[in-house]
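Okay, thanks for making time, everyone. Let me put the thing up on the screen and then we'll walk through it together.

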Amino acid sequence: MERRSMSTKLLTLDNHLKRLQEEEYNVEIRSNHLLVHDVPYLNERHEAKYGTIVSTLEVNGDVIISPLTQHVVFFTGEQPFKNDGSKFTFASPVTPYDIIPGLKVYFQFSTKPSPDRGYDNYYDKMTRYITLLSNEAMAVDSNVTPKTYATIHDNDVDSVFRYRDTASGRAGISAINAKLSSHKVAIVGLGGTGSYILDLIAKTPVREIHIYDGDEFLQHNAFRAPGAASIKDLNRSKKVHYYFRIYSNMRYGIIPHSHHVDESCIDLLKAVDFVFLSIDRNPIKRVIIDKLVSLNIPFIDCGMGVSKANEKLRGTIRITSCTPSKTDHLSTRIKYDNQSENEYETNIQVADLNALNAVFAVIKWKKMCRFYNDGCQEHHMTYSVSSNIIANEDSLETQS
Amino acid sequence: MSEEQAHPEKEEHGKKEFTIIVNSTPKPWNDDEISYDQVVKLAFPNAAPNEEFTVAYTMAEGKKKDGNLVKGQKVRITNGTSFDVDKTTNS
């Protein structure tokens, strides 16, 4: 039997989903699908087996939309039979595929309460299929039940995670970690650095993570990205959709925006209280930064420069921070550049340096959130790879 | 962010010969201080005047050993003072 930990947020927000849970069905929401695990059914050999029924879940924001037009479900088990040995005719085989990552379905079920009307809600929809299947199995084996979810529920109804953050609990820092939970952040640019920022921010309890990038996830990106993309992932999907799918395995609240930030949509950044800027040299960067300063939205701008020297690489990582109380350093610290193509222009980037740039940025953000103590109060730092030196500048204390 | 902050002491310039490191390459330097523009020119002799670089230094002379230079600033150097001059514009 599968016993998956589950998120509670949507389940508590929607009464019909909540009812499924309260009646101890093994419900899970994953990748925008509603799953009911441990549904007993009879297979061809008249044996009671368990399968998972999967429904798409139409959600708009936090609002569950009625499944009226979506009466079919999918099934991970074999062809289900009735106790009298006949097949359920509503079940038809499909070419097996992963309906969500790691969950293969083999059958589609299609039956509705009446020919001209679908299901009003997900409770009615799922229990209809569960009952049809499990009644036949229970007739053969009185020990089986679809109501297997008598396990510990997560009482943290506000959690953004699909399962409990036991790392913070084990470390005894749940309260400090909670300081991050009310935040809404944006990551502008999901290149090497931005993708590692997402990797780290996704594991904090921030409420929303808006990710902005108009580019596709290509083969070369995989070598400067956290995790290990399979060749199937290199299917020209947008970066934001690729990362949304990966990180939605773990949490809610990731909002993909499959376009770059420009003048036409810059007001979208008003929805967040912090911005990570991880974009390459680009005229739009100045526009974004001016806007964030005018809106009093704090941000961190990341950047690196790497070049060859004697057939080895050397370079600098930069993290420049801006808060409403410290903006006068931006003009000298942040480099905008005008896309000049000089001999020494390089776009050398390496995953570990991207990751390090991201790590420094996220540590600084956590200092701003009072997660870490900030004894230095610097608003600009560089790490020089070759000399292995961190230089701090623009601390509040030296401001005259 | 004045020149004085990066280089508080204005001493007479001795005619000394130093070796400093610029982007991992040793360079001779005949003064006990160096400015942002001078470091950039050592690193990128053909850089246009409007091009902007992040200039990080370490093992400088004086109280502040490690820091960044911006346009208009100087830093006191000694043998082995090391500079990294990069366009930190990639992500």
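One term before we start: I'll call two residues in contact if their C-beta atoms, placed from the backbone, lie within 7 Å. And keep in mind that this is a predicted model.

With that, take chain B. Counting contacts with a separation of 6 or more, 57% of those in chain B come from residues 24 or more positions apart. Chain B has 91 residues, and 42% of them count as buried. There are 2 helices and 7 strands in there, and along the sequence they run α-β-β-β-α-β-β-β-β.

Now, how many residues of chain B are in contact with chain A? It's 24 from chain B, and they meet 35 residues of chain A. On the chain B side, strand 4 (54–58), strand 5 (67–69) and strand 7 (82–86) each bring at least two residues to that surface. As for the make-up of the chain B side, we get 5 nonpolar, 12 polar and 7 charged residues.

Over to chain A, and its sheet. Six strands make an open sheet with antiparallel pairing, in the order 1-2-3-6-8-7. Strand 1 (26–30) and strand 7 of chain A sit at the edges with a single partner strand each, so each has one side without a neighbour in the sheet. On average, and ignoring direction, neighbouring strands here are turned by 35 degrees against each other.

Let's zoom in on two of the pairings.

A:Ala91 has A:Phe109 as its bridge partner. That hairpin has 2 residues between the strands, and A:Gly102 takes a positive phi near 85 degrees.

Last stop, the helices. Helix 2 (residues 15–22) and helix 3 (residues 122–140) of chain A have axes that come within 8 Å and cross at roughly 40 degrees, and the two are therefore oblique to each other. A:His16, A:Leu17, A:Arg19 and A:Leu20 from helix 2 meet A:Tyr122, A:Tyr123 and A:Met126 from helix 3. That contact divides into 5 nonpolar residues, 1 polar and 1 charged.

Conventions:
Residues are numbered from 1 along each chain as its sequence is written. Chains are lettered from A and ligands numbered from 1 in the order in which they are written. This is a predicted model: local features need pLDDT of at least 70, side-chain atom pairs count only at pLDDT 80 or more; totals for chains, interfaces and linings use all residues. Helices (H or I, at least four residues) and strands (E, at least two) are DSSP runs, numbered from the N terminus. A residue is buried if 20 or more other C-beta atoms lie within 10 Å of its own, exposed if 12 or fewer, and partly exposed in between; C-beta atoms are placed from the backbone. Axes are lines fitted to C-alpha atoms, for helices over the stretch in contact, and angles run from 0 to 180 degrees between N-to-C directions. Angles under 35 degrees count as roughly parallel, over 145 as roughly antiparallel, 65 to 115 as roughly perpendicular and the rest as oblique. Ala, Val, Leu, Ile, Met, Phe, Trp, Tyr, Cys and Pro count as nonpolar, Asp, Glu, Lys and Arg as charged, and the others, Gly among them, as polar. Two strands pair if DSSP finds at least two bridges between them.
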